[in-house]
Amino acid sequence: MSVVDDATIKLGYDSHDRLSAYDNLVYPVVSRRSRGLSLGINLNPDKRCNFDCVYCQVERPQPSAIIRPDIDQLESELRHWLGRLREGDYRGYLLKDIALAGDGEPTSEKQLPQVLELLLTLKEEYQLPESVKLILFTNGSGMDRKDLQAIYPRFFEAAGEVWFKLDYWDQQSLVEINRTNLKFDSLISKLQRFGNKYPVVLQSCFFQWKGQRFAVELYQPYIELVKTLISEGLQIQKIQAYTLARKPAEMDAHPWPDADMDELAEQLRQQCALSVELFYEKGAE
Ligand code: SF4
């Protein structure tokens, strides 16, 4: 297994190639949310996910040769990139984070505890500064796994962050937006059990879909849910509110206009006293 050559790698806010077509598990990406270079780890090269979000931007028709991630391969690819970045920037970008994201739900991968241990080890060994975060993207479905509980305190000590998906506010919106068999009550309970103990960054995607069904004026129930979660002890570091910036799974889903993003953010700030980061269709706030 070799890391793909530079000529193959496209870097840019509109390009999030996972490199899984080249059987690579680690991919450099310039991310709006990271505000710089992120080393992404794709723990789901088989592109399976227990959600099927309307707005998902994973290109699933492309097959990957790797079905399961291999820890040795992952370590060797991470060492390659961290070795290069020891010298400084990569194409003008400084490393901002190492992110477990990829083409599916990281917490559905059995080897996640070993992967997190590897990240903690490498962060120390390569003396990555505090400012380089470790980020676990999740839809929350596996955050309650028993084999992860002992790692979380060390993960947060090493500038770890958990970016938790919350696009829905009830069972119906969960089914419509995220199209999963998992239950609203179960997912919210997992979010609360985790987020009442550790800080979470909520990630919420807003978009037009089914005419006016998901218009900004209908989002008060989402705001009410966030208020309730806060009142019951959820530690929300901030909300990252974003809209579509790349091709979504459903072609008739469209980005919210900037004005709608601004309006929702204002309501969240006023009603929930939260920090809200906005990611418009083109560029970040
Ligand atoms: S949880 Fe993520 S990977 Fe899974 S369908 Fe939704 S956006 Fe795509």
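**View 1. Helix H2 and the residue that follows it.** Just after H2, Gln127 adopts a positive phi of about 50°. Helices (H or I, at least four residues) and strands (E, at least two) are DSSP runs, numbered from the N terminus. The model shown is predicted: local features need pLDDT of at least 70, side-chain atom pairs count only at pLDDT 80 or more, and totals for chains, interfaces and linings use all residues. Residues are numbered from 1 along each chain as its sequence is written. H2 comprises the 14 residues 112-125; at 1.5 Å a residue they should span 20 Å, and the end C-alpha atoms are 20 Å apart, which agrees. The expected span is 1.5 Å times one less than the number of residues in the helix. Leu112, Val115, Leu116, Leu119 and Lys123 of H2 are buried. The arc is that of the directions from the helix axis to the C-beta atoms. A residue is buried if 20 or more other C-beta atoms lie within 10 Å of its own, exposed if 12 or fewer, and partly exposed in between, with C-beta atoms placed from the backbone. The face turned away from the buried side carries the exposed residues Thr121, Glu124 and Glu125. The cover over the buried residues of H2 includes helix H1 (71-86), strand E3 (95-100), E4 and helix H3 (152-157).

**View 2. Leu134 in strand E4.** Leu134 belongs to strand E4 (residues 133-138). This residue counts as buried because it has 22 C-beta neighbours inside 10 Å. Setting aside residues up to four places away in sequence, Leu134 touches Asp97, Ile98, Leu119, Lys123, Phe155, Ala158, Ala159 and Gly160. Two residues are in contact if their C-beta atoms, placed from the backbone, lie within 7 Å. Leu116 is 18 residues from Leu134 along the chain, and their C-alpha atoms are separated by 9.1 Å.

**View 3. Helix H5 and its two sides.** The 12 residues of H5 (residues 184-195) should span 16 Å at 1.5 Å a residue, in agreement with the 16 Å between its end C-alpha atoms. Buried in H5 are Leu187, Ile188, Lys190, Leu191, Phe194 and Gly195. Seen down the axis, the buried residues fall within an arc of 155°, so they line one face of the helix. Asp185, Ser186 and Arg193, on the other side of H5, are exposed. Strand E5 (160-165) and strand E6 (200-205) are among the elements that cover the buried residues of H5.

**View 4. The surroundings of the ligand.** Around the ligand are Cys49, Phe51, Asp52, Cys53, Cys56, Val58, Gly104, Glu105 and Asn139. A residue is near a molecule if its C-beta atom, placed from the backbone, lies within 6 Å of it. By class, this shell has five nonpolar, two polar and two charged residues. Ala, Val, Leu, Ile, Met, Phe, Trp, Tyr, Cys and Pro count as nonpolar, Asp, Glu, Lys and Arg as charged, and the others, Gly among them, as polar.

**View 5. Two loop residues with positive phi.** Arg91, in the loop between H1 and E3, has a phi near 50°, a positive value in a residue other than glycine. With 10 C-beta neighbours inside 10 Å, Arg91 counts as exposed. Lys210, in the loop between strand E7 (207-208) and helix H6 (220-231), has a positive phi of about 55° although it is not a glycine. Lys210 is exposed, with 12 other C-beta atoms within 10 Å.
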